[in-house]
Structure formats: structure tokens, C-alpha cells
Amino acid sequence: MHVPIMRDVAKSYAEVSVTGGDSSLHIRTPRGLLIVELPAGVSLVEGSCREAPGTGDEIHFRMRLNVDQHTDDTGALGSVMERLLVQESYCFHCQSCGTRVLEERVFKRVLPLPNGNWSSLVDDWCCHPDPFANLKLLPRAEDCLLGDTHILVHRDRGCEETLTQELSPSPRPITNKMADGQNQDTQKPNRRRTLVSCKSCTAGLGEAVAPGTLKLYITEVTVRPSVGDSQFDTSLDRLLFLEQTIAARLVELSSSQSMYRFSIQTPDGKAFILLWLLNSDSLIVSLSATMSSTVRGDAVTSPSHRQCSERQSPTKAGSAVKVLYLPCSPSASTGSTHQDVVDTWEKDIGVHPLDLPQTTCQELLAVLTASTSCLPLSLHSMNSFQVAYMRL
């Protein structure tokens, strides 16, 4: 555990005392005592608190936590991929406005789709031409097929009342620079997609990948068991929902497929964010504005943006994943796109592509950037990557 404290709170290590209580952490500074509630089964190893090299206006402490292996109280629900069951009735809601877009669906089969880049590996599997080249994996009427970030379901008549469809704008030709300095238009397999939106609020939910088949992104819809006429809770913050959904999927994919590096892509396959999952057992604490001057750090943090004070009680630790990320869009300050890193990752079969809508990629980048801004300056970056924490 790593706890940085600003020098305007404590000028030296001698002014800070860190002790453990019953599933809690007591941090005493000249400004007072802060008690941080830890998850059940997590406690400080007494005597493990040590001074660590500080930088600039920060002093740092490192300590060890003891975790009861029989305790699993993270509070994380996992993504919808882990909760869908056969022979259960579900309703699909627009995450933006809460409108039911798919009424009471009961699936006879809930099946995972192949790995996101399975088609590019077919040549390694087969000694003859690709037998799947012109085939699509589509659901039957009572099927639910699970992708990495989307769900494929059958479109029924009820969708006419809740969904709208329109063609995406025509893609612009991609221009490549030739060796002689001339430009040449390259024909890429970009296609116009049939976009699917919520009829109530016009929010994009996915696309129609074939007649009668809907591709719905798990970041744009929420799936709930059918429970009569219960009202959908629209109070959940959009960015919090997105953060928890993506974090849960990263953990699931790393656990089931041993994947830790991801390329967050737009639907046309353009890399938007490179994401590297470092660990999934981090604990973070969100402090209110009145407490933010007391303690700062990655395990104990002082976020200043609006999300932090809205999510959980000011002194309660929550589970999170630690990631490194690299935006692929040009930097406002340098104009750099880190194209050399992007090219290296695109050629690496160990990097897993995750496609999301363009606007969702932008929202995810905003979430990551906000998380980075909460950390002390000394913890903002690692080499060319930025550091962030995503709540589960």
C-alpha cells in the first residue's frame, strides 16, 4: 500500500502516524485524524509502515495489508456477461434515459462468441482456404450471443416501438503518403453501418449487423431481470456506469483468457486508447473536498473532480483496477500520436481489441484522465503511459 501526503499537511515523516484498527486505517497528521474503512477481511500488518522516498511537495509511506483469503467482499457485481442466464426473463434498458428497448426476453441459449480477433487466426488453424470467410455468427430467435463488449440478440416486432435505425455517414477515403511524396487513396474495407438508437432519447445503442440481428454494446444498455413494473433507476452516473462496466470486463478477460493489454477501438477498427491492466486488487479511497487537504495518494487519494464525492462515503475504501493507458489521438500540447507504440501493439497478437462507439471511447478517455488528475504528480505517469484507477 502506498500513501503519499502533501508537505503542507505534514512537513516531515515524524509528524505522521499510521496505525491499523479493526478493518480500518488510522492516519494522524497535525491537521487531525483520518479513519479509513477497509473492506471486510483487509487489515494493516502492524509494524509494516515504512518511509519511502518522496518527491517535491510529497512525503510517501509504504505498508503491507493482510487480506483474508476466505473473504470476498469487493462489492463488484461483474459485467452483464457474467449475469445472463438461460430460462430467465430480462429487460433491456437504454442506459441514458432508462427506457425499455427490449421487453421481457427469455433465452434458451446464452453462448460466448469467439475471441474478438478469431478471424485473423483462422489461417493458423486451417490448411485450406478460410471456410468462414463469408459466414457470420448470428443468433436465433431465442439466443443471446456474448462478445467482448457487445451482445447479439434477435430483433422482434416490439423493437419498432423503441428503436430507430439509420445509416452511418459515408467513411472518408484514407490517404497514404507514397515514397515520392504523392498522395494515394487507399481502398479500405470501411463500410456504412446501420446504427441503432433509442427512440426516446436518440442515444446510440449499437447497430444492426444483419436483418433481424441487433448488436448492443454493454456500455449503452443495462440488462435487468423482469420484475413486473418496477421503475428503472436513472440516478446512476453515466461515467460511473461506464467505468465499472469496462473495469469488470477487463478483470473477466484477464481472468478467463489471460489478457492484460487491450486496444480500445472505434467500430471502424481505429485504435483510440491503448490500455494495460496492471492489477485488479487495488484499494482506493475517495475523499470529499473538505478532506482532500489531509491525505493524498493512490491507495488513499484526494480526487478533486466531481465524480469522487458522489460515489461512496468519504472514508471508505473500494476495489479498483490499476491501468496504464495511452491515448492514440494527437496530444493537444505536442501533437504526438505515439504512432510507433500503436504500430507495435497492432502487430502484437497478445494485444486484445475491444470495440466501443466513438462517443464512448471519448467518455472512457475522460474517465481515465480524471482519475490521473486525482493522483499526486509523481504518480501520474510511467514511461510514455499515464496511470489511472478504475472502480469496480
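The accessible surface of the protein chain amounts to about 20600 Å², and carbon and sulfur atoms hold 50% of this area (Shrake-Rupley method with a 1.4 Å probe; for residues, only the protein chains shown count as cover). The model is predicted, so that local features need pLDDT of at least 70 and side-chain atom pairs count only at pLDDT 80 or more, while totals for chains, interfaces and linings use all residues. Residues are numbered from 1 along each chain as its sequence is written, and side-chain values use heavy atoms, with hydrogens and water left out.

The chain has six helices and 26 strands (DSSP runs of H or I with at least four residues and of E with at least two, numbered from the N terminus). Of its 392 residues, 45% are buried (buried is under 20% relative accessible area, exposed over 50%, partly exposed in between, with a 1.4 Å probe and protein chains only).

On the surface, Tyr260, Trp276, Leu278 and Met382 form a nonpolar patch with about 360 Å² of accessible area together (residues with over 30% relative accessible area and no salt bridge, nonpolar side chains being joined within 5 Å and like charges within 9 Å). Leu278, in strand E22 (residues 271-285), is partly exposed, with a relative accessible area of 37%.

| Salt bridge | Distance, N to O |
|---|---|
| Arg193 and Glu207 | 3.5 Å |
| Arg238 and Glu220 | 3.3 Å |
| Glu252 and Arg249 | 2.6 Å |

Arg193 and Glu207 are buried, as are Arg238 and Glu220. Glu252 and Arg249 both lie in helix H3, three residues apart, about one turn of the helix; Glu252 counts as buried at 11% relative accessibility, and Arg249 is buried with a relative accessible area of 8%. Salt bridges that share partners also join Glu220, Arg238 and Glu363 into one network.

Note on methods:
Salt bridge = Lys/Arg side-chain N within 4 Å of Asp/Glu carboxyl O.
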